[in-house]
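Good morning, and thank you for coming.

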Amino acid sequence: MNLDELKKLKEKAQRQVALREGNKKYRVVFSMGTSGIAAGAREVMTSMLDELDKRGIENVEVAVTGEIGLVDAEPVIRIEEKSGEKVTYAKVNPEGARKIVAEHLQKGKVVDGLAVGKIKESEQKK
Amino acid sequence: MLEELSLHILDIGMNSLAAGAKNLEIIVIENTVRDWLIIRIRDDGRGMDENTLNQVLGQNLTSKKGRKKPIGLGLAFLRQTSEMCGGTFHVRSTPGRGTSVTASMRLSHIDRPPLGDLNSTIIALCANPDVGVQLHYRSNNETFHFSSKEGKSNEPRRTQETQGKGSTSSRAA
């Protein structure tokens, strides 16, 4: 382990602190159970944080959760919109995460190729 | 299997978050002279009783209700890795007080996975605003300390160090 690498942690963590405060337009939840981690969820999260930072997107809250039961579809991320709409993305790789930032979190367009489930507000109420 | 030790740390740390921990302490000690790598993950979550603890170590167990087939490989994975690399693995837990997981391995063992991207692990664990995450890293004579509460409240680190039990473990090195 390189100590110089670790020293960057403080700066990075401060950015992360800003990303975990609630009441934002989007909430991105990463499935970070054993299966998700083994499938590369951490790298997906790292690349998403990096892309959010690059693009200066601030209306996104980032959270983690344990196993969600979609073991064969990991890494899984769920994007919850303030309006109640939820989109689940499966088998996301780091490039996919960047695409989701560019399309979904910046322009509001769901990335069709990666999305597996979408719950609209109207369906949830039923 | 997890390819980096930092991924194991993330995995065990996620258990702590699931156990409702408010404080999570990660200690990594590398000692090239004695050829040891020690990883300790300590939390103040809800802990486990003796039965659960035995089950956790004996087989794969999950706390999820309604699941007939036990899953949950995190601790078993780490135990396998440390025993494979000439080390030991211990879990100590007190219900209501927390859990401490200690894994050691031979630093120079050919099968020892690299520590990997510890930064990303800590960042991921910091995603929960209710949990204070601390990292104590020591490599021979160099040390590094991190606390997720530091940036937020501007508390001097000294106070937190004396509060935590981190000092005991660094002395052990």
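In chain B, the axes of helix H1 and helix H3 (residues 74-84) approach within 9 Å and cross at roughly 145 degrees. Axes here are lines fitted to C-alpha atoms, for helices over the stretch in contact, with angles from 0 to 180 degrees between N-to-C directions. Helices (H or I, at least four residues) and strands (E, at least two) are DSSP runs, numbered from the N terminus.

This is a predicted model: local features need pLDDT of at least 70, side-chain atom pairs count only at pLDDT 80 or more, and totals for chains, interfaces and linings use all residues. Residues are numbered from 1 along each chain as its sequence is written, while chains are lettered from A and ligands numbered from 1 in the order in which they are written.

Which residues of H1(B) meet H3(B)? They are B:His8, B:Asp11, B:Ile12 and B:Asn15, facing B:Gly74, B:Phe77, B:Leu78 and B:Thr81 in H3(B). Contact requires C-beta atoms, placed from the backbone, within 7 Å.

Helix H1 (residues 5-18) also lies across strands E1 (23-31), E2 (36-43) and E4 (98-106) of chain B, at about 20 degrees to E2(B).

Let us turn to the sheet. Six strands of chain B form an open sheet in the order E3-E4-E2-E1-E5-E6, with mixed pairing. Strands E3 (89-94) and E6 (142-147) of chain B stand at the edges, each with a single partner strand, so one side of each has no neighbour in the sheet. Strands pair if DSSP finds at least two bridges between them. E5(B), residues 132-139, pairs with E6(B) in the antiparallel sense over six bridges.

Terms used. Contact = placed C-beta atoms within 7 Å.
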